Amino acid sequence: MLKVENLHVSVDDKEILRGVDLSVGQGEFHVVMGPNGSGKSTLALTLAGHPRYKVTKGTLLFDGESILNLGPDERARKGILLAFQVPPEVEGVKIIEFLQQVLVELKGIDPAEAYDAIVKKAGELWFKEDDLHRYVNVGFSGGERKRLELLQALLIEPKLLILDEPDSGVDVDSLSIISRKIEELNRAGTAVLLITHYGRILEHLDPGTFRVHVMKDGRIVMERGGEFVNEIEERGFQAIFEECGCDE
Amino acid sequence: MSETITLADAKAVIENQIEELARRNKEPEWMTKIRYRALEAFERAPHNDPVISEEQLLHFIAKPEVEGIPEHIESLEDLPAELKALLDRLGIEEVEQKYVAGLAVQTDTGVIYNQFLQEWAKKGLTVLPTEEAVRRYPDLVKEHFLRLFRVDESKLTAYHTAVWNGGIFLHVKEGLKVPFPLHLFFLIQESALAQAPHIIIIAEPNTEFHLIEGCTAPILVRHSLHLDMTEAYFGENAKGQLTVLQNWPEYVHTRPMTRAKIGKNARFINTTVGLGTGKSNTANPKYWVDENGYVELNGILLGQKDWYVDLGGEMYLQGPGASGINASKAVIMDESTVITRGIITAEAPRTKGHISCDALLLSDKSRMETYPGLVSKVDDAELSHEAAIGKIREEELFYLMSRGLSEEKATQLIVKGFLEPMLKDIPMEFLVEIRKIIELAVSGGM
């Protein structure tokens with residue numbers, strides 16, 4: 001479904017990704033790990049079509065077609081959804097109105113139907129109906145922001161859900177609900193590309209159900225099975241890179 | 001402008017209009033005298049408009065560009081189809097049926113009421129065309145007409161005073177709380193007259209009201225200059241709101257003049273929603289606030305095309321504990337210029353004032369200037385100001401677009417969200433229309 005080949009990406013003329021290769025099939029679960037500055041968020045933002053991230057080389061295929069020239073809105077309509085690491089505050093825009101508009105545009109359902117669906121799913125992520133009349137992310141805690149991102153994923157049901165550190169800045173309780181909802185979406189058929197520093201969010205998952213990709217200096221240098229997460233947790237990236245000879 | 005018009009030419013035109021108005025209104029002599037006094041003042045009064053030169057002003061007076069469809073209108077049924085459609089869109093008729101709101105449509109010569117307003121008249125709510133109030137309540141009008149302005153302050157105040165016509169006289173009797181917003185629409189039909197409505201608001205002690213002036217489309221006659229004057233008087237503990245919705249056509253220069261005296265413990269919330277501000281719109285409302293009184297001036301300004309908008313606002317906090325807020329939010333696109341310059345003067349102990357100005361620039365050629373003024377004549381006043389001028393943040397736009405909204409839809413959402421906090425006191429039926437106008441403007445500007 002998603003095929004990334006030799007992807008080079010620059011931001012403000014500085015090259016960050018230097019030849020990323022990655023394939024994600026329908027309904028698969030992939031984890032991207034790596035130290036700070038290795039290019040994980042750049043990969044996520046590039047896939048979603050951020051205008052400041054310029055692809056200088058390589059291919060980016062989704063369902064067999066190049067999406068390089070598509071804007072972020074067109075990519076979303078094809079079924080790609082990015083859950084942001086730090087979702088921005090949108091002053092004056094109520095969550096309910098925003099989500100209704102998104103569902104009307106993306107799924108073609110009417111606003112009343114959208115409203116009911118939003119309230120129902122919101123409850124599953126601990127949002128009360130009142131909360132939905134707050135402005136998007138304004139004054140939200142880390143946990144609330146991440147749960148709102150997950151709520152959008154549950155409602156949109158994308159083909160590919162990219163999660164950029166859904167576990168950072170999140171309290172323990174939020175982390176567990178977020179992790180369960182990611183699993184739920186995946187079981188329902190959504191392919192997941194999850195970017196993280198830590199293995200904690202993967203604790204509930206059967207290591208046999210996902211693959212781990214390790215990023216370093218703008219490339220994916222290793223691909224392993226799910227159990228590799230424990231090894232990274234125990235030994236750290238530095239030791240692993242030394243051993244594999246990826247460190248030159 | 002092909003021919004030169006002298007001051008004498010303009011004076012002659014004004015004099016003719018005074019005579020015509022005196023005759024048409026069967027005006028008492030004292031009012032006609034005020035008009036003639038203004039005519040004299042017009043000659044010597046200074047002219048200091050930032051956009052309209054004196055030569056242009058004389059031209060507007062003597063050779064107004066007029067075209068229109070004058071027609072006699074007595075009831076809502078006689079309104080032109082487009083205005084009726086507008087009222088329908090605003091949900092006015094629906095609201096009326098539910099008996100929750102008052103609606104009066106002001107024409108050159110009368111006010112069209114609904115049944116509901118007539119019921120409230122018995123309780124002490126008077127809504128009349130100012131001309132009729134002059135005949136029916138001469139003492140009250142004399143006491144409140146041109147008390148907050150000096151006729152010779154400028155050529156515009158003098159001209160307005162000489163030829164004023166139309167406008168509303170709103171009187172709320174002591175203790176009366178009007179639980180629904182009063183909607184007023186101006187309909188200007190007579191092409192030969194200057195557009196200079198005069199509005200008088202008298203809120204006696206312990207009253208409450210919300211007056212909404214919708215100038216959203218009802219201009220049946222093309223004119224280059226619109227000069228309205230509002231004088232508002234708030235008795236002790238009176239609470240009033242005046243919401244003005246402006247949607248002027250782009251050829252008109254508008255010069256709204258508003259002033260209010262706010263009594264002890266009284267509250268006045270004055271909101272201007274300038275969606276279509278016209279070719280140019282400059283206003284410098286003034287408020288005098290007594291002990292523990294409160295005034296709020298909210299300006300929502302949408303600058304489009306090459307429009308020039310200049311919103312001032314002077315607040316004089318004269319009684320101990322008086323407070324004032326001057327807040328504006330401007331969305332500026334195309335080659336439009338918006339300027340805000342509020343001044344708050346603290347003249348009594350424990351007074352508080354705050355000026356805030358936020359602007360969202362949607363194009364490279366749009367322009368915003370803000371000049372907050374804080375003057376303290378006492379040592380324990382709290383005065384502050386803040387301003388934020390910027391463009392739409394890329395991260396916000398990307399976030400909304402990554403949810404499948406087009407750039408246009410995402411921009412509309414951000415712009416509406418930016419203005420949202422200012423629209424808190426505006427009734428739902430207007431909000432729908434206001435949001436629609438904003439969406440259209442944003443789409444047009446992209």
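How many helices and strands does the secondary structure of chain A come to? Seven helices and 12 strands, where helices (H or I, at least four residues) and strands (E, at least two) are DSSP runs numbered from the N terminus.

Hello everyone, and thanks for coming. Some housekeeping before we go on. This is a predicted model, so local features need pLDDT of at least 70 and side-chain atom pairs count only at pLDDT 80 or more, while totals for chains, interfaces and linings use all residues. Residues are numbered from 1 along each chain as its sequence is written, chains are lettered from A and ligands numbered from 1 in the order in which they are written, and side-chain values use heavy atoms, with hydrogens and water left out.

Let's stay with chain A for a moment. Its C-alpha atoms fill a box of roughly 55 × 40 × 30 Å along the principal axes. The radius of gyration of chain A is 18 Å, which agrees with the value near 18 Å for a compact globule of 248 residues; that radius is taken over C-alpha atoms, and the globule rule is 2.2 Å times the number of residues to the power 0.38.

Of those 248 residues, 53% count as buried. Here buried means under 20% relative accessible area, exposed over 50%, and partly exposed in between, with a 1.4 Å probe and protein chains only. Chain A exposes about 10700 Å², with carbon and sulfur atoms supplying 46% of it; accessible areas come from the Shrake-Rupley method with a 1.4 Å probe, and for residues only the protein chains shown count as cover.

Now contacts, meaning heavy atoms within 4.5 Å. Among the contacts in chain A with a separation of 6 or more, 69% are between residues 24 or more positions apart.

A word on charge. Chain A has 29 positive and 43 negative charges, and their mean positions are 2 Å apart. Lys and Arg count as positive and Asp and Glu as negative, with His and the chain ends not counted; each charge is placed at NZ of Lys, CZ of Arg, CG of Asp or CD of Glu.

Leu185(A) sits in helix α6 (residues 172–187) and is buried, at 5% relative accessibility. Leaving out residues up to four places away in sequence, Leu185(A) touches Leu150(A), Ala153(A), Leu154(A), Glu157(A), Leu161(A) and Thr190(A).

The other is Asp12(A), in the loop between β1 (2–11) and β2 (14–24). Phi of Asp12(A) is near 45°, a positive value in a residue other than glycine. Most residues other than glycine have a negative phi. Asp12(A) is exposed, with a relative accessible area of 59%.

Over to chain B, with 12 helices and 25 strands. Buried residues make up 62% of its 446 residues, and chain B exposes about 17200 Å², 48% of it supplied by carbon and sulfur atoms. Of the contacts in chain B with a separation of 6 or more, 84% join residues 24 or more positions apart.

Chain B has a positive phi to show as well: Lys305(B), at about 50° and not a glycine. Lys305(B) lies in the loop between β16 (294–303) and β17 (308–311) and is partly exposed, with a relative accessible area of 38%.

What about Leu423(B), buried or exposed? Buried, with a relative accessible area of 4%, and its place is the loop between α11 (407–419) and α12 (428–444). Not counting residues up to four places away in sequence, Leu423(B) touches Ile300(B), Leu431(B) and Ile434(B).

Next, some helices of chain B. Helix α9 (residues 155–163) has nine of its nine residues buried, so it is largely enclosed by the rest of the structure. In helix α3 (residues 54–62), the buried residues are Gln56(B), Leu57(B), Leu58(B), His59(B), Phe60(B) and Ile61(B), and their cover includes α1 (7–24), α2 (29–44), α9, β8 (225–226) and β11 (253–254) of chain B. Helix α10 (residues 394–401) is largely enclosed too, with six of its eight residues buried; among them are Phe398(B) and Tyr399(B).

Keep those two names in mind for the interface. There, 20 residues of chain B are in contact with 33 residues of chain A.
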